[in-house]
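Subject: Structure handover

Hi there,

Here is the structure I promised to pass on to you.

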Amino acid sequence: PRWLGGRAIIVKSFARIHETNLKKQGMLPLTFADPADYDKVREDDRVSLVGLESFAPGMPLRLFLKHSDGTVDECVLHHSFNQNQIAWFKAGSALNLIAAQKKARGPKRLSRPRAKSPARLAKKRAAKKVKKAVSKKRVRRGKKAVKKSSKKVAGRARTAGRRNLRGRK
């Protein structure tokens, strides 16, 4: 709504969730202090909101309606903004405020790697040597080790199948 040029929504009353959604979008959800003021608004009125420079929680805003016949009506408007929500309005929306805060913090720094102690480095080297030794043994065994292990697995599967057949009879 704000992107389309809207700044304020003035009504007799709001559903609470609707009011909150408008605040997050950077809009001003305002209600008439006197519901009878709603009837003063005409189709061709020029509307002016006064008090936005001193916009604060609990402080009412004033609305001036300039009618086409030259007369002016004044209405008092209430809002339910807190300080954080006022910041949303001033930034244009809640997302704009979050983006501005992220930008102000600067780029995210990567953490520096921890300094490694000599004992820790020695442990790592020893672990690497063990891994290499184990993998060399596997390579030396070659195809024979693979064939033996596959025969064992196949044999187990065959005997398991026979047991299942015997149990069914």
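Please keep in mind that the model is predicted. Asp 37 sits in the loop between E2 and strand E3, which covers residues 46-50. Setting aside neighbours within four places in sequence, Asp 37 is in contact with Phe 32, Cys 75 and Val 76. Leu 77 is 40 residues away from Asp 37 along the sequence, yet their C-alpha atoms are 9.7 Å apart in space.

Not counting residues up to four places away in sequence, Phe 32 touches Ile 10, Val 11, Lys 12, Asp 37, Tyr 38, Val 41, Leu 63, Cys 75, Val 76 and Leu 77. Phe 32 also belongs to the largest nonpolar core, a set of 12 residues. As background, nonpolar side chains in soluble globular proteins tend to be buried together.

Stepping back to the overall layout, the protein has 4 helices and 5 strands. Along the sequence they follow the pattern β-α-β-β-β-β-α-α-α. Of the 169 residues in the protein, 18% are buried. If you take the contacts between residues at least 6 apart in sequence, 45% of them join residues at least 24 apart.

Now for the helices: at what angle do H2 and H3 pack? Helix H2 (residues 83-91) and helix H3 (residues 94-105) meet at about 90°, and their axes are 7 Å apart. The two are therefore roughly perpendicular to each other. On the H2 side the contact is made by Ala 87, Trp 88 and Ala 91, and on the H3 side by Ala 94, Asn 96 and Leu 97. By type, the residues of this contact are 5 nonpolar and 1 polar, with no charged residue.

His 79 lies in the loop between E5 and H2. Its relative accessibility is 14%, so His 79 counts as buried. The side chain of His 79 has two backbone oxygens in reach: that of Ala 56 at 3.2 Å, and that of Met 59, which lies 2.8 Å from a polar atom of the side chain. Apart from residues up to four places away in sequence, His 79 touches Pro 29, Leu 30, Phe 55, Ala 56, Pro 57, Gly 58, Met 59 and Leu 61.

Gly 51 is in the loop between E3 and E4. This glycine counts as buried because its relative accessibility is 14%. Gly 51 and Leu 63 are 12 residues apart in sequence, with 9.0 Å between their C-alpha atoms.

Is Asp 69 buried or exposed? Asp 69 is exposed, with a relative accessible area of 51%, and is found in the loop between E4 and E5. Its side chain makes a polar contact with the side chain of Thr 71 at 2.8 Å, and another with the side chain of Arg 42 at 3.5 Å. The C-alpha atoms of Asp 69 and Asp 44 are separated by 9.9 Å, and the two residues are 25 apart along the chain.

That is what I have for now, and I hope you enjoy looking through it.

Best wishes

Notes
Residues are numbered from 1 along each chain as its sequence is written. This is a predicted model: local features need pLDDT of at least 70, side-chain atom pairs count only at pLDDT 80 or more; totals for chains, interfaces and linings use all residues. Side-chain values use heavy atoms; hydrogens and water are left out. Axes are lines fitted to C-alpha atoms, for helices over the stretch in contact, and angles run from 0 to 180 degrees between N-to-C directions. Angles under 35 degrees count as roughly parallel, over 145 as roughly antiparallel, 65 to 115 as roughly perpendicular and the rest as oblique. Contact means heavy atoms within 4.5 Å. Ala, Val, Leu, Ile, Met, Phe, Trp, Tyr, Cys and Pro count as nonpolar, Asp, Glu, Lys and Arg as charged, and the others, Gly among them, as polar. A nonpolar core is a set of buried Ala, Val, Leu, Ile, Met, Phe, Trp, Tyr and Cys residues joined through side-chain atoms within 4.5 Å. Buried means under 20% relative accessible area, exposed over 50%, partly exposed in between (1.4 Å probe, protein chains only). A polar contact is a pair of N or O atoms within 3.5 Å; within protein, one must be able to donate a hydrogen and the other to accept it, and residues adjacent in sequence count only if both atoms are side-chain atoms.
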